[in-house]
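Colleague: I have a model open and would like to learn how to read it. Could you walk me through a few features?

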Amino acid sequence: MFETANISIFAGSGGRTFAERMCAYMGKPLGSSEVITFSEGNTFVRVNETVRDRDVFLVQPIGLHSNDEFVEILFWMDAFKRANASTVTLVMPYFGYGKGDKKDEPRVSIRARVCAECMELAGADRFVTMDLHAPQLQGFFKRPMDHLYAIPMLTEVARHMDTSNTVVVSPDAGYAKQARKFADVLHLPIAIGDKSRADHTENAEVLEVIGDVKGKDCLITDDFTISGGTLVNLAHVLKDRGARNITAMLSHNIISERGVEKINASPIQRVYSTDTVENPNIVGQEKFKTVSVAPMFAETIVRYYNYQSISSMFTKLPEDMVKAGFSFTGLEM
């Protein structure tokens with residue numbers, strides 16, 4: 001039996017459901033805390049139980065309310081440190097500011113680096129996250145980080161599908177490396193979209209597809225979608241090239257309400273994603289299905305705390321972890 005007696009798990013306002021699933025997997029109660037937002041917008045956080053000399057894990061994505069969730073993290077870090085927690089680990093399933101990973105035009109901020117430095121200065125001793133927008137973002141953090149991948153759980157979903165005539169499709173060259181890993185696990189071929197983005201409007205145009213998709217079922221894989229534009233545009237191009245059924249799999253789902261409408265009106269038959277962000281826009285939407293990766297994060301904490309390997313989960317998940325991930329979100333395969 002793993003030892004987790006000195007672990008305390010708390011949730012920020014954006015991570016409560018995810019944290020509850022982690023605690024259910026670990027058989028531990030969720031720590032008592034509260035967040036108050038005053039009428040002028042100020043945020044107040046409070047820990048309602050002792051954390052002195054305990055190893056604290058705060059669960060909070062930077063997702064649909066990026067600025068509020070980021071500032072809340074800073075206040076939580078300070079509160080735990082002032083309450084004499086032994087260590088504070090930020091469990092950040094999704095890092096929304098990861099998109100700001102470079103200075104690609106004059107006079108702009110490298111937002112991801114600023115966020116990383118602020119969270120560390122506020123008191124974060126360690127980070128646990130999943131599928132950063134670019135893997136090299138880990139270099140922005142001076143403190144240790146466990147970087148998990150959604151591929152093992154999403155490929156488990158794909159194994160319950162008929163993939164005998166399927167090709168994995170990357171929406172652009174930038175995601176091709178991850179898409180190839182996805183394809184290798186399932187022993188499938190790969191195709192790559194040629195995408196052009198002219199501005200910051202969250203709309204991109206897929207101009208061409210490199211690879212054979214005629215008469216094939218296509219499995220589009222990407223890290224996230226906001227507007228749904230790239231997925232829908234790519235789906236139409238695939239259909240023009242003779243593709244049959246089209247499914248999408250995403251590491252994170254932060255799609256807007258308008259994006260959901262686009263997907264529903266598109267040739268895409270199903271969008272599978274993880275629960276790293278609790279997105280109300282997809283609730284009750286028939287085309288959208290969610291699988292939980294909370295057990296992966298919980299298992300990471302347990303293994304880290306007990307000095308065990310985490311890398312073994314990068315390729316193949318234990319069966320009980322897969323079952324828990326399916327059951328937490330009601331996904332039937």
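Predicted model: local features only at pLDDT ≥ 70, side-chain atom pairs only at ≥ 80, totals over all residues.

Colleague: How many bridges join β1 to β4?

Modeller: There are 5 bridges between these parallel strands. For a landmark, find A11, which stands opposite V59 in β4.

Colleague: Which residues of α1 are buried?

Modeller: In α1 (residues 16-26), the buried residues are F18, A19, R21, M22, C23 and M26. Their cover includes β1, β4, β5, α8 and α9. Just after α1 comes G27, with a positive phi of about 70 degrees.

Colleague: Now the aromatics. How do I read a pair of rings?

Modeller: A pair of aromatic rings is described by the distance of the centres and the angle of the planes. This structure holds 9 aromatic pairs. Take W76 and F80: their ring centres are 5.7 Å apart and their planes are at 20 degrees, so the pair is stacked.

Colleague: Where do W76 and F80 sit in α2, and is F80 buried or exposed?

Modeller: They are 4 residues apart in α2 (residues 66-82), so about one helical turn separates them. F80 is buried, at a relative accessible area of 0%, and W76 is buried with a value of 0% too. Together with F10, W76 and F80 form one aromatic cluster.

Colleague: What about the pair Y149 and F314?

Modeller: Those ring centres are 5.2 Å apart with planes at 80 degrees, so that pair is edge-to-face. Y149 lies in the loop between β7 and α4, and F314 in the loop between α8 and α9, so the pair ties together parts that are 165 residues apart in sequence. Y149 is partly exposed, at 21%, and F314 is partly exposed, at 30%.

Colleague: Which charged end sits over the ring of Y149?

Modeller: That of K181, 5.7 Å from the ring centre. Likewise, the charged end of K99 sits over the ring of F224, 5.3 Å from its centre.

Terms used
Residues numbered from 1 in each chain as written. Heavy atoms only, no water. Phe/Tyr/Trp six-rings, centres within 6.5 Å; stacked < 30°, edge-to-face > 60°. Helix = DSSP H or I, 4+ residues; strand = E, 2+ residues; numbered from the N terminus. Buried < 20%, exposed > 50% of the residue type's maximum accessible area, 1.4 Å probe, protein only. Lys NZ or Arg CZ within 6 Å of the ring centre and 35° of its normal. Contact = heavy atoms within 4.5 Å. Pairing = 2+ DSSP bridges.
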